[in-house]
Amino acid sequence: MVDHEPTIKEAIDNEASSESFKDSNKQTTYNPLSERRFRLPIIVYHSIDDYGTSLSVSPTLFQKQVRFLAEHGWKTLHLRTVLKLLDKRQSIPRKSVVLTFDDAFPTVLEQAQPIMNQYGMTGTTFVVTSQVGLKPEWFRLDRRYKERALLDRDELDRLADSGWEVLPHTHDHPVLTHLPLAKQITQISTSRERIQEWYGTDASILAYPFGQFNSETQQAMREVGMSVGLSLRFSVRISTATMFDWPRIGSAWFKDSEFRQHLGLAGLLELYVKLKQRIKGDRSRHFQNPSPETTRGL
Ligand SMILES: [Zn+2]
């Protein structure tokens with residue numbers, strides 16, 4: 001027995017040595033006595049451009065979305081801050097939102113950062129550490145993204161200097177679930193170590209490429225000592241019982257409708273879309289764990 005509430009790290013370590021961990025198909029079960037649930041919209045963006053791809057949000061629409069958040073009193077929070085608050089058993093401030101940008105495309109610095117800066121907001125970018133400053137090489141990516149280099153070290157430093165959080169997105173952007181455990185460990189640990197070397201800060205929060213993970217990924221995350229894994233499961237409800245499956249909302253769900261944006265931030269968008277599906281009689285694939293087909297190029 002510990003004489004204090006376990007920190008996130010202690011709880012994950014305890015969990016790794018507990019009986020429940022031996023069932024590898026189980027979610028991270030954490031210490032049920034200290035499980036906490038809270039609402040925190042974590043929104044996932046990729047590139048702010050006019051290409052009209054599944055990774056695009058246009059600069060005009062992005063500006064509208066950010067202005068909407070600011071005008072309705074939402075404040076951006078870093079994921080590291082969320083972890084610190086959890087460790088101190090403090091609550092997450094109401095109307096907190098996390099804006100994340102996977103892959104560190106050049107438009108994050110060219111478009112997202114200056115627009116968010118106008119409203120006093122900062123974001124989080126997830127970096128593929130073997131491809132910093134290089135043209136991205138992973139598969140299922142629109143040709144136009146392959147023609148421009150991802151943010152380089154200097155550019156990432158500029159982002160970090162302006163208050164952004166830089167975190168790992170694996171070393172090579174593989175589909176982790178296609179790899180054996182040892183290779184998953186290498187992908188996660190290498191990217192974490194690089195970012196920690198570059199910024200001297202903890203980088204134990206990772207976004208899974210394509211949102212894909214399996215029980216071995218969760219085991220790899222534990223072995224590397226990671227704190228949080230971000231998936232693409234559609235929800236705003238975070239639980240400390242599933243630290244390696246924190247959900248995020250795809251920016252595409254907001255489109256340009258303020259109504260949908262209100263619903264999404266209130267955690268009601270899931271209900272709204274499910275009701276619409278029920279009326280239409282079709283069940284959308286978007287509410288299942290995403291398959292590689294539904295997460296093209298992410
Ligand atoms: Zn990605």
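This is a predicted model: local features need pLDDT of at least 70, side-chain atom pairs count only at pLDDT 80 or more; totals for chains, interfaces and linings use all residues.

Author: Residues are numbered from 1 along each chain as its sequence is written.

Reader: How many helices and strands are there in the protein chain?

Author: The protein chain has ten helices and twelve strands, taken as DSSP runs numbered from the N terminus (helices H or I, at least four residues; strands E, at least two).

Reader: How is the packing of two helices described?

Author: One gives the angle between their axes and the distance between the axes. Here, helix H2 (residues 59-71) packs against helix H4 (residues 106-118) at about 30 degrees, with the axes 10 Å apart. Axes are lines fitted to C-alpha atoms over the stretch in contact, and angles run from 0 to 180 degrees between N-to-C directions. H2 is therefore roughly parallel to H4, a term for angles under 35 degrees.

Reader: Which residues of H2 and H4 make the contact?

Author: Pro59, Phe62, Gln63 and Val66 of H2 meet Gln111, Ala112, Ile115 and Met116 of H4 (C-beta atoms, placed from the backbone, within 7 Å).

Reader: Which residues are buried in helix H3?

Author: In H3 (residues 79-87), Leu79, Val82 and Leu86 are buried, that is, 20 or more other C-beta atoms, placed from the backbone, lie within 10 Å of their own. Seen down the axis of H3, the buried residues fall within an arc of 50 degrees, so they line one face of the helix; the arc is that of the directions from the helix axis to the C-beta atoms. Just after H3, Arg89 has a positive phi of about 55 degrees.

Terms used. Angles under 35 degrees count as roughly parallel, over 145 as roughly antiparallel, 65 to 115 as roughly perpendicular and the rest as oblique. Two residues are in contact if their C-beta atoms, placed from the backbone, lie within 7 Å. A residue is buried if 20 or more other C-beta atoms lie within 10 Å of its own, exposed if 12 or fewer, and partly exposed in between; C-beta atoms are placed from the backbone.
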